[in-house]
There are 2 protein chains.
Amino acid sequence: MVKVVLAQKLLQANEEVAAENRRLLEEKGVVMVNLISGPGAGKTTLLERTLPLLKDKLGVAVIEGDIYTTRDAERIAGTGVEAVQINTRGACHLDAAMVNEALRQLPLNDLDIIFVENVGNLVCPAEFDLGDDYKIVVASVPEGMDKPAKYPLAFQKAFAALITKIDLLPYSDFNLGAYIEQLLTINPNLKIFPLSALKGEGVEEWSQFIGRVAWKRRRNLDVI
Amino acid sequence: MVKVVLAQKLLQANEEVAAENRRLLEEKGVVMVNLISGPGAGKTTLLERTLPLLKDKLGVAVIEGDIYTTRDAERIAGTGVEAVQINTRGACHLDAAMVNEALRQLPLNDLDIIFVENVGNLVCPAEFDLGDDYKIVVASVPEGMDKPAKYPLAFQKAFAALITKIDLLPYSDFNLGAYIEQLLTINPNLKIFPLSALKGEGVEEWSQFIGRVAWKRRRNLDVI
């Protein structure tokens, strides 16, 4: 019982900081996107391909969550986009306070969109609001068909789902049509983007979409 | 500070139940193997291929951890091996108390080996001892080369690492030799099995290995 009460208090404290992040970002006109996936779904590679398509038109930055290493932030820096690294030191997800600290290191007045790459974990990150405008769930073809059913929270809370590594479709028994149907059963409003960050297929459609979302949001237009 | 103290107490309480599980299993001469991986690394498919190779020679059972569904236990039941389902109802890992309850439902006197399939999560399960004899970490080729560096705890605590989906090697930039070197740098004692549960390659070697481990352990022989 103590455990449950404490967990509720922690979540409540997190909600308060998340609301503060959201106020700050709204004031500055910045959209924050929270990328959630299991390990190795390809979030960093996707960002490496997406950022070059956005950075000349929009002010873009990345907050990189990782347990110990700075590898992903270094990969993002290679695109010329500013990246702030958060090391959770063992913790299995980012929380709003960690993101708050990272936001203070970014030139918010110059930005339109911030991508947050959460810790590679399809469970815990879905429970912690960061003050983001949109959660994007990323799941790869080789992870198999059953992930939306087995980890429903991440898919229910998501604004969009990216189905990555579609270049591996010919070598697997993954049924893309049935998977999309399944996604829409769990979350009928989900925007869905099948793509291959490695081969490039679908990356432009996704990049245009998220760029348009940020652009419209900044101007207080209805999204989509 | 309260958070840290409570976390320590929870871990300590878990250690006590884990020790109880370990005593019970030792008394019954049963080896318990804890399979840890991110979502979609292929733990269930691996068990579907492994169990038929073991079940005629050894008493085998499976404890299936999943957040909400019973899909994996149903798949295991299809092999004719007894499976007990634990639903964590949102929790991101199994703990020793959940496993203790499952052990009470199994005919321990008839068993040599119990496989525990943990929740698909490469972070949290590594922190919670279940009273298992061996932790086995499972990571697939499409997850990429950087997982051992990014999620070191699971690899450091493991007795063996299974590199799954090697049938996808020709379609990726994954370097198997370099990956194995990396694994041995993190954990020099790690037994390593590259395999493809889909195509069958390497499954027999792994199955023979884990069967031998259980057989020797039962007879109090040195393992390996």
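Predicted model: local features only at pLDDT ≥ 70, side-chain atom pairs only at ≥ 80, totals over all residues.
Which residue in E6(A) stands opposite Val138(A)?

1. Residues are numbered from 1 along each chain as its sequence is written, and chains are lettered from A and ligands numbered from 1 in the order in which they are written.

2. Leu162(A) in E6(A) is the residue opposite Val138(A). Strand E5 (residues 134–140) of chain A runs parallel to strand E6 (residues 160–164) of chain A, and 5 bridges join them; strands (E, at least two residues) and helices (H or I, at least four) are DSSP runs, numbered from the N terminus, and two strands pair if DSSP finds at least two bridges between them.

3. Chain A has an open sheet of 7 strands, with parallel pairing and the order E3-E2-E4-E1-E5-E6-E7. Its edge strands, each pairing on one side only, are E3 (82–87) and E7 (191–194) of chain A.

4. Between the chains, 31 residues of chain B are in contact with 31 residues of chain A, contact being C-beta atoms, placed from the backbone, within 7 Å. Helix H1 (2–28) and helix H5 (147–150) of chain B each supply at least two residues of the side of chain B that touches chain A.

5. Within chain B, helix H2 (residues 43–54) and helix H8 (residues 203–218) pack at an angle of about 55°, with their axes 9 Å apart. Arg49(B) and Leu53(B) are among the H2(B) residues that meet H8(B), where the partners include Trp206(B) and Gly211(B).

Key
Axes fitted to C-alpha atoms, helices over the stretch in contact; angles between N-to-C directions. Contact = placed C-beta atoms within 7 Å.
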